[in-house]
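This report covers a metal site, the strands beside it, and a few individual residues. The sequence and model are shown first.

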Amino acid sequence: MSNPHRQTRRQVLKTAIAGAAGLVLGAPVRQLAAAPAQSPDGASTVRLSDDLFVIRIPGEANIVAQTGSGGVVLVDGGSAGAYDALMKAVSALPGGGPVQTIFNTHWHPEQVGANEPLGKAGRTIIAHENTRLWLATDVTYPWNGQRFKRLAKVAQPNKTFYTTGQLASGVRYGYLPDAAHTDGDLYVYFPQQNVLAVGDAVSGQGWPAVDYITGGWIGGIVGGLQRLQTLANDDTRIVPAHGPVLGMADLKAQYQMYGTIYDRLTQLLNKGRGPSEAVAAQPTKEFDAQMGNPDEFVRRAFESLWGYLSPDA
Ligand SMILES: [Zn+2]
């Protein structure tokens, strides 16, 4: 667990090509055991164990909360506008109390909106060092012009790491170096509950956003899904930033699917095709009925190859 085998880019490629054979798709998403408890403001809580919960606030990414005598641990914190709803949901948890520690699974605003108030209160904000670097600089997306201002110093992660780490409670965390979503992705593993929080390194709902400006790429999606299978077992519950709680079968099915798509996109790249031609080639055709319109995903997944597979990359 502490040292997942490192995978080179070439291994990712080989694996992806091997993955194109033998498709296993449409594995059923693991259903939650109990219906979520709903509060008047629309927030709901999914109980994973006596002390571990997924907080869902409408329009927000999933937030994992662990209660305990040492305070609450959060994995991600929603956007800034959701902070009050989050604090309300946290204090309503059985055993809920003040938040002591928050993980940022990556730098996106829907993960780091609680950082400023928690940072001002002196709480611990844990992230990969690359995530801190992105939060300390301005970012602009070329595909839609969206701009993100750097966070105030007090809102930036105040405890960063490069490979792995562990809380005193035994909760383990580590870097996902494949860059499935950004180059700062982390996982948090709760060993007693066998729950693995993975942020946007896995999409539980629809096609993923490929943020290649901060390092994410389609090969990383494939590599990340492979790596996470080594961190989980058949009973692990996997909590993505979006969508329902997943299981090992979902990781395997997604690994096959994205491996196939990766293989097709690299073939198109090697033939000298461009992003619009990649979209026209329908490289996700047999998955679209289940996954939805793929055009934006395919375009950006194709563009993400430029940074990793062009001759000087
Ligand atoms: Zn994200």
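## Zinc site

The four donor atoms around the zinc ion subtend angles of 88 to 174 degrees, so the arrangement is irregular. Ideal angles at a metal are 109.5 degrees for four tetrahedral donors. The protein donors are His106 (NE2), His108 (ND1), His181 (NE2) and Asp200 (OD), at 2.1 to 2.4 Å from the zinc ion. Donors are N, O and S atoms within 2.8 Å of the metal (3.2 Å for Na, K and Ca), and sites may look incomplete because water is not among the atoms.

Along the chain, the donors of the zinc ion have the spacing H-x1-H-x72-H-x18-D. His108 lies in the loop between β6 (99-103) and α3 (109-112), and His181 in the loop between β12 (172-175) and β13 (186-190), so this pair ties together parts that are 73 residues apart in sequence. Helices (H or I, at least four residues) and strands (E, at least two) are DSSP runs, numbered from the N terminus. Both His108 and His181 are buried; buried means under 20% relative accessible area, exposed over 50%, and partly exposed in between (1.4 Å probe, protein chains only).

## Basis of the model

This is a predicted model, in which local features need pLDDT of at least 70 and side-chain atom pairs count only at pLDDT 80 or more, while totals for chains, interfaces and linings use all residues. Residues are numbered from 1 along each chain as its sequence is written, and side-chain values use heavy atoms, with hydrogens and water left out.

The protein chain averages a pLDDT of 90, and 86% of the residues score at least 70; pLDDT is the predictor's confidence in each residue, from 0 to 100. Over residues 1-33 pLDDT stays under 50, and the model has 67 contacts beyond four places in sequence for them. Contact means heavy atoms within 4.5 Å.

Five of the five residues of β13 are buried, so β13 is largely enclosed by the rest of the structure. Leu186, Val188 and Phe190 point one way from β13, and Tyr187 and Tyr189 point the other way.

β13 pairs with β12 in the antiparallel sense over four bridges, with Tyr175 opposite Leu186. β13 also pairs with β14 (residues 195-199), again antiparallel, over three bridges, and there Tyr189 stands opposite Leu196. Two strands pair if DSSP finds at least two bridges between them. β13 and β14 form a hairpin with four residues between them, and Asn194 is in the turn.

## Positive phi values

Most residues other than glycine have a negative phi. Asn194 has a positive phi near 50 degrees and counts as buried at 14% relative accessibility. Asp76 also has a positive phi, near 70 degrees. Asp76 is in the loop between β5 (72-75) and α2 (83-91) and counts as buried at 2% relative accessibility.

## Ser304

Ser304 lies in helix α10 (residues 295-309) and is buried, with a relative accessible area of 2%. Beyond four places in sequence, Ser304 touches Val210, Tyr212, Gly216, Trp217 and Ile218. A polar atom of the Ser304 side chain lies 3.1 Å from the backbone nitrogen of Ile218.

Methods. Tetrahedral: all angles 85-135°; square planar, octahedral: opposite > 155°, others 65-115°. Polar contact = N/O pair within 3.5 Å; in protein donor to acceptor, adjacent residues only side chain to side chain.
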